[in-house]
Amino acid sequence: MFPVSRCRLIRPKRFYWMDISRKGANKGNALELIQRRLGISAVETMVFGDQMNDAAMMRQAGFSYAGANAVPGLRKMAAFTAPSHADNGVTHVSRKVPAG
């Protein structure tokens, strides 16, 4: 069993879910590991987020997009804004990225 003392809890104020992860684990650390394994840099990385649990990931990418539906704190830290998830924001932005 994983000891609770080694966990951290993220519970958004306005939604009804919580993220439980190992202390020190976050999307930014995971993205950094993927970047290293693939041999790509932050400027070759595009991410999309809408909640504060995406903050570390935003800092790890050269192209960070907050959806129009994102919480204000995340919109402030993102380099760009995408349409909301309800308007297929990821698809809309991704189609504008040149291939290759």
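Leaving aside its neighbours within four places in sequence, with which residues is Ser84 in contact?

## Ser84 and its surroundings

The structure examined in this report is a predicted model. Ser84 lies in the loop that runs between β5 (80-82) and α4 (89-94). Once neighbours within four places in sequence are set aside, the contacts of Ser84 are with Ala68, Asn69 and Gly89. Ser84 counts as buried because its relative accessibility is 11%, and buried means under 20% relative accessible area.

## Overall organisation

The secondary structure of the protein chain consists of four helices and five strands. Followed along the sequence, these elements give the pattern β-β-α-β-α-β-α-β-α.

The protein chain has 100 residues, of which 27% count as buried. Among the contacts between residues at least 6 apart in sequence, 23% join residues at least 24 apart.

## Helix α1

Helix α1 comprises residues 27-38, which is 12 residues. From its first C-alpha to its last, the helix reaches 16 Å, close to the 16 Å expected at 1.5 Å a residue. At the start of α1, a side-chain oxygen of Asn26 comes to within 2.8 Å of the backbone nitrogen of Gly28. Just after the helix, Gly39 adopts a positive phi of about 70 degrees.

Which residues of α1 are buried? They are Gly28, Leu31 and Gln35. These residues lie on the same side of α1 because they cover an arc of only 60 degrees around the axis. A general rule applies here: an α-helix has 3.6 residues a turn, so residues three or four places apart point the same way. The buried residues of α1 pack against β3 (46-49) and α2 (55-59). On the face turned away from this buried side, α1 carries the exposed residues Arg36 and Arg37.

## Gln35 within the helix

Gln35 belongs to helix α1. Is Gln35 buried or exposed? Gln35 is buried, because its relative accessible area is 4%, and the cut-off for buried is under 20%. Not counting residues up to four places away in sequence, Gln35 touches Ile40, Ser41, Ala42, Thr45 and Gln60.

## The nonpolar core

The largest nonpolar core has 11 residues in all: Leu31, Val47, Ala55, Met57, Met58, Ala61, Ala66, Ala70, Val71, Leu74 and Ala78. The largest share of this core, three residues, is supplied by α2. In soluble globular proteins, nonpolar side chains tend to be buried together.

Val47 is one of the residues of this core. With neighbours within four places in sequence left aside, Val47 is in contact with Leu31, Met57, Met58, Ala61, Phe63, Ser64 and Tyr65.

β3 pairs with strand β4 (residues 63-67) in the parallel sense, over four bridges. Which residue of β4 is the bridge partner of Val47? The partner of Val47 is Ser64, while Phe48 stands opposite Tyr65 in β4.

β4 also pairs with β5, again in the parallel sense, over three bridges. In this pairing, Ala66 stands opposite Thr81 in β5. Why is β4 described as largely enclosed by the rest of the structure? The reason is that four of the five residues of β4 are buried.

Gly73 is found in helix α3 (residues 72-77). With a relative accessible area of 35%, Gly73 is partly exposed, because this value falls between the limits of 20% for buried and 50% for exposed. Gly73 and Gln51 are 22 residues apart in sequence, and their C-alpha atoms are 8.4 Å apart in space.

Lys76 also has its place in helix α3. Lys76 counts as exposed because its relative accessibility is 74%, and exposed means over 50%. The C-alpha atoms of Lys76 and Ala66 are separated by 8.6 Å, and these two residues are 10 apart along the chain.

Key. Residues are numbered from 1 along each chain as its sequence is written. This is a predicted model: local features need pLDDT of at least 70, side-chain atom pairs count only at pLDDT 80 or more; totals for chains, interfaces and linings use all residues. Side-chain values use heavy atoms; hydrogens and water are left out. Helices (H or I, at least four residues) and strands (E, at least two) are DSSP runs, numbered from the N terminus. The expected span of a helix is 1.5 Å times one less than its number of residues. Buried means under 20% relative accessible area, exposed over 50%, partly exposed in between (1.4 Å probe, protein chains only). The arc is that of the directions from the helix axis to the C-beta atoms. Contact means heavy atoms within 4.5 Å. A polar contact is a pair of N or O atoms within 3.5 Å; within protein, one must be able to donate a hydrogen and the other to accept it, and residues adjacent in sequence count only if both atoms are side-chain atoms. A nonpolar core is a set of buried Ala, Val, Leu, Ile, Met, Phe, Trp, Tyr and Cys residues joined through side-chain atoms within 4.5 Å. Two strands pair if DSSP finds at least two bridges between them.
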